[in-house]
Amino acid sequence: MDGIVLLKEDHKTVEKLFKQFEKAGDEARAEKREIADQVIEELTTHTWIEEKIFYPAAREAAPDTKDHVLESVEEHHVVLWMLSELKDLDPADERFDAKMTVLIENVRHHVEEEEKEWFPEVRKAMGRNRLTDLGEQMEKAKKTAPGDPLVVPSAEN
């Protein structure tokens with residue numbers, strides 16, 4: 001699978017979870033906890049493969065996108081810390097829904113920038129064969145990605 005297609009599929013998966021969270025009622029704490037746990041897992045894996053495989057390759061192939069990569073890493077930093085806070089936050093805590101809402105807003109902004117502004121440039125610079133190779137590497141890396149958001153490189157900066 002093409003690396004950009006793989007990342008977009010991840011985006012769709014997370015967006016689906018966001019919509020489930022937004023539709024869950026105020027008292028659906030167990031459901032919200034379960035959704036949040038899935039979001040944490042998905043986004044931790046996604047940021048890991050982007051930072052370890054996709055971003056370095058994209059930056060090499062399309063040097064003009066350096067600023068976008070740096071901004072994306074900073075956005076990851078914020079998201080990963082929020083994920084780490086959500087991981088241990090009781091869904092009955094009054095901050096749980098607010099924290100999840102801010103997370104959703106941040107991720108949606110990040111996804112929109114990647115898909116509309118950055119991915120087309122990277123696709124043009126890399127070509128199909130290179131993107132397919134990257135997709136295979138990322139798919140394989142997903143299996144060994146860490147579960148702790150704070151282990152992803154950008155969380156440490």
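Which residues gather in a patch of negative charge on the surface? Asp 64, Asp 67, Glu 71, Glu 117 and Glu 121 do. The legends below describe a predicted model, in which local features need pLDDT of at least 70, side-chain atom pairs count only at pLDDT 80 or more, and totals for chains, interfaces and linings use all residues. Residues are numbered from 1 along each chain as its sequence is written, and side-chain values use heavy atoms, with hydrogens and water left out.

**View 1. The negative patch on the surface.** The patch consists of Asp 64, Asp 67, Glu 71, Glu 117 and Glu 121. Helix H3 (66-87) and helix H4 (96-126) are the elements that give two or more residues to it. Helices are DSSP runs of H or I with at least four residues, numbered from the N terminus. A patch takes residues with over 30% relative accessible area and no salt bridge, and like charges are joined within 9 Å. Asp and Glu count as negative, Lys and Arg as positive, while His and the chain ends are not counted. The place of a charge is NZ of Lys, CZ of Arg, CG of Asp or CD of Glu. Accessible areas come from the Shrake-Rupley method with a 1.4 Å probe, and for residues only the protein chains shown count as cover. Glu 71 belongs to helix H3 and is partly exposed, its relative accessible area being 35%. The classes are buried (under 20% relative accessible area), exposed (over 50%) and partly exposed (in between).

**View 2. The largest nonpolar core.** This core has 44 residues, and Val 39, Leu 43, Phe 54 and Leu 103 have the most contacts inside it. Two or more residues come from each of helix H1 (3-23), helix H2 (29-61), H3, H4 and helix H5 (128-142). H2 gives the most, with 12 residues. A nonpolar core is a set of buried Ala, Val, Leu, Ile, Met, Phe, Trp, Tyr and Cys residues joined through side-chain atoms within 4.5 Å.

**View 3. A salt bridge between Asp 2 and Arg 123.** In a salt bridge, a side-chain nitrogen of Lys or Arg is within 4 Å of a carboxyl oxygen of Asp or Glu. The count by this rule is 12 salt bridges. For Asp 2 and Arg 123 the N to O distance is 2.6 Å. Asp 2 lies in the segment before H1 and Arg 123 in helix H4, so the pair ties together parts that are 121 residues apart in sequence. Asp 2 counts as buried at 14% relative accessibility, whereas Arg 123 is partly exposed at 35%.

**View 4. Further salt bridges.** Arg 29 and Glu 27 are paired, with their closest N and O atoms 3.6 Å apart. Arg 29 is partly exposed, at 35%, and Glu 27 is exposed, at 62%. Arg 95 and Asp 93 also meet in a salt bridge, at 3.2 Å, N to O. Arg 95 is partly exposed, with 47% relative accessible area, as is Asp 93, with 24%. Salt bridges that share partners join Glu 15, Lys 19, Glu 22 and Arg 108 into one network.

Note on methods: Patch = residues over 30% accessible without salt bridge, like charges linked within 9 Å, V, L, I, M, F, W, Y side chains within 5 Å. Buried < 20%, exposed > 50% of the residue type's maximum accessible area, 1.4 Å probe, protein only.
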